[in-house]
Amino acid sequence: MGWLPALGVLIVVLGLALGSKYKINPLLAVLAGGIVSGILGGLSITEILETIGTAFVSSRTMILFLIMLPAIGIAEKHGLMEQMKYIISKLKGATPGRISYVYQLIREISVATGMRLGGHAAFVKPIIAPMAEAALLQKIKDASEEKIDTVKAMTAAAENFGNFFAQNIFPAAAGILLIQGVMEELGYSVQLTDLARASIPIGIITAIYGFVYFMILDRKVLGGETQ
């Protein structure tokens with residue numbers, strides 16, 4: 001019955017799948033799955049809590065972003081999103097696609113140089129998405145909810161494009177270190193700088209793709225209102 005602990009994975013999958021419908025916090029689904037796997041694996045509650053605590057402490061640097069969430073919340077409460085919309089309303093040439101693409105480029109450059117400048121929680125939701133939405137409403141005052149959702153998705157895509165496809169250009173990125181470790185285990189000796197140099201074309205292709213992608217979506221959501 002060595003497969004029984006794997007049932008915790010099923011709980012996680014179900015929790016994530018049903019989370020949006022029944023408003024289940026994803027963290028609770030993951031935690032419940034871990035506890036169930038631990039119990040079915042023969043661990044006591046004390047041992048499970050010790051394991052979770054040890055993993056939390058050893059990975060604490062990965063959750064440093066939680067520290068800034070209160071600051072973002074306070075800034076939003078005092079009108080950060082409204083200010084972003086006001087600023088964009090003064091820029092006649094701004095469109096959702098142009099804003100998304102500029103943010104993608106900024107994101108690519110920042111991760112390629114090792115700076116952690118961006119993120120869905122820190123930048124996209126409170127700053128970039130309101131700016132893109134304001135650009136849409138500047139062109140189409142009665143824009144449908146579908147178009148507004150599309151614009152929000154565009155800003156999220158800009159974050160993903162910029163971060164995911166350009167982060168390995170920085171030689172000390174975690175992804176580069178992981179690749180080097182795997183390659184060495186397989187018997188291939190590679191330098192971090194070589195791996196980073198090989199990632200540059202991906203970043204360039206992503207920049208070109210992002211431009212085409214966002215210009216197409218611009219035409220889709222704005223129609224002829226792109227000037």
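Ring pairs join Phe161, Tyr209, Tyr213 and Phe214 into a cluster; rings of Phe, Tyr and Trp (its six-membered ring) are paired if their centres lie within 6.5 Å. The model is a predicted one, in which local features need pLDDT of at least 70 and side-chain atom pairs count only at pLDDT 80 or more, while totals for chains, interfaces and linings use all residues. Residues are numbered from 1 along each chain as its sequence is written, and side-chain values use heavy atoms, with hydrogens and water left out.

By the ring rule, the count comes to seven aromatic pairs. Planes under 30 degrees apart count as stacked, those over 60 as edge-to-face and the rest as tilted. The rings of Phe161 and Phe214 have centres 6.1 Å apart and planes at 55 degrees, so this pair is tilted. Phe161 belongs to helix H8 (residues 145-166) and Phe214 to helix H10 (residues 192-222), so the pair ties together parts that are 53 residues apart in sequence. Burial is judged by relative accessible area, with buried meaning under 20%, exposed over 50% and partly exposed in between (1.4 Å probe, protein chains only). Phe161 counts as buried at 15% relative accessibility, and Phe214 counts as buried at 0%. In the pair of Phe164 and Phe165, the ring centres are 5.0 Å apart and the planes stand at 85 degrees, so the pair is edge-to-face. Phe164 is exposed, at 56% relative accessibility, whereas Phe165 is partly exposed, at 35%.

Asn163 is also found in helix H8. With 18% relative accessibility, Asn163 counts as buried. Leaving aside neighbours within four places in sequence, Asn163 is in contact (heavy atoms within 4.5 Å) with Arg107, Val111 and Arg116.

The protein chain as a whole has 10 helices and zero strands, where helices (H or I, at least four residues) and strands (E, at least two) are DSSP runs numbered from the N terminus. Buried residues make up 33% of the 227 residues in the protein chain. Of the contacts in the protein chain between residues at least 6 apart in sequence, 70% join residues at least 24 apart.

Helix H6 (residues 96-112) packs against helix H7 (residues 120-139) at an angle of about 150 degrees, and their axes are 8 Å apart. Axes are lines fitted to C-alpha atoms, for helices over the stretch in contact, and angles run from 0 to 180 degrees between N-to-C directions. H6 and H7 are therefore roughly antiparallel to each other, given that angles over 145 degrees count as roughly antiparallel, under 35 as roughly parallel, 65 to 115 as roughly perpendicular and the rest as oblique. Pro96, Ile99 and Tyr103 of H6 meet Phe123, Val124, Ile128, Met131, Ala132, Ala135 and Leu136 of H7 in this contact.

Within helix H7, Ala135 is buried, with a relative accessible area of 0%. Not counting residues up to four places away in sequence, Ala135 touches Ile88, Ala94, Thr95, Pro96 and Ile99. The C-alpha atoms of Ala135 and Ile87, which are 48 residues apart along the chain, are separated by 9.9 Å.

The 12 residues of helix H9 (residues 174-185) should span 16 Å at 1.5 Å a residue, and the end C-alpha atoms are 17 Å apart, which agrees. The expected span is 1.5 Å times one less than the number of residues in the helix. H9 is followed by Gly187, whose phi is positive, near 95 degrees.
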